[in-house]
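Welcome! Here is a short briefing on a protein model, taken topic by topic. Have a look at the picture, then read on.

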Amino acid sequence: SNNMKLFQHFRYALIACTLICITACENTTQSLFGSYSYKVSGKLAIDGSREMISDEIGSLEIINLNSDTLLLAFNAEEGGVFTTQAIVENNQLILTPCHRLLTISYIVTESSLLGGTSNRTIYKDFQVEVYGDATIYDQTIIFNLQYSGKALDSNSTIKGNNITLIAKKE
């Protein structure tokens with residue numbers, strides 16, 4: 001009957017679409033594997049007020065963990081390594097929240113008892129939770145990250161809501 005033929009054609013079309021989707025998804029994931037260089041920019045607030053520019057460069061390695069999960073290993077040029085996992089969904093990477101050590105330097109102007117002033121550079125280590133997502137554009141991945149954490153040696157806090165990390169495939 002005509003309904004049976006229509007159903008059979010629909011079934012073949014559905015199988016073909018499924019195979020195309022599986023192949024396209026696998027190719028998108030596989031094309032992400034490899035080495036990238038990255039640059040981070042954005043504003044960080046320390047203790048809710050002191051605004052600083054986060055400026056970091058480094059390398060990123062993307063490795064396959066299993067069929068739908070990637071391992072991202074970030075190696076900051078002037079800092080440590082941190083890793084997270086991500087899944088690919090419609091040209092987006094959804095990151096698993098992770099922790100990293102972030103060293104921030106800033107200048108404090110101090111007044112002396114004799115009336116002069118001097119600048120002193122302060123270095124503070126923060127344990128930061130990093131979370132967010134990324135959009136995949138051919139050989140470039142643009143991450144939109146959020147940072148939230150506390151200093152290791154005090155009650156100081158750090159927060160950044162619009163941290164951009166741009167990674168370019170090498």
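Two strands are said to pair if DSSP finds at least two bridges between them. Strands (E, at least two residues) are DSSP runs, numbered from the N terminus. Please keep in mind that this is a predicted model, in which local features need pLDDT of at least 70 and side-chain atom pairs count only at pLDDT 80 or more, while totals for chains, interfaces and linings use all residues. Residues are numbered from 1 along each chain as its sequence is written, and side-chain values use heavy atoms, leaving out hydrogens and water.

**Strand pairing**
- Start with β1 (residues 34-46), which pairs with β2 (residues 50-66) in the antiparallel sense over 13 bridges.
- Within this pair, serine 37 stands opposite serine 59 of β2.
- Three residues separate β1 and β2 in their hairpin, and aspartate 47 in the turn has a positive phi of about 55°.
- β1 also pairs with β9 (residues 157-169), again antiparallel, over eight bridges.
- Here the bridge partner of serine 41 is threonine 164 in β9.

**The largest pocket**
- On a 1 Å grid over the protein atoms alone, a pocket is an open set of points with protein on both sides within 12 Å along at least five of seven lines, and lining residues have an atom within 4 Å of a point.
- The largest pocket holds about 540 Å³ of space, where a volume is the space filled by probe spheres set on the points.
- Its lining has 22 residues, with Asp55, Glu56, Glu78, Leu102 and Thr103 nearest the centre.
- Two or more lining residues come from each of β2, β4 (81-89) and β6 (98-111), and β6 gives the most, with seven.

**The largest cavity**
- A cavity is a set of grid points where a 1.4 Å probe fits but cannot get out.
- The search of the whole structure finds one cavity of 30 Å³ or more.
- Residues lining the largest cavity include Phe74, Phe82, Tyr131 and Leu145.
- At least two lining residues of the largest cavity come from each of β4 and β7 (117-137).

**The nonpolar core**
- A nonpolar core is a set of buried (under 20% relative accessible area, 1.4 Å probe, protein chains only) Ala, Val, Leu, Ile, Met, Phe, Trp, Tyr and Cys residues joined through side-chain atoms within 4.5 Å.
- The largest core has 36 residues, and Leu60 is among those with the most contacts inside it.
- β7 supplies the largest share of this core, six residues.

How values were computed:
Helix = DSSP H or I, 4+ residues; strand = E, 2+ residues; numbered from the N terminus. Buried < 20%, exposed > 50% of the residue type's maximum accessible area, 1.4 Å probe, protein only.
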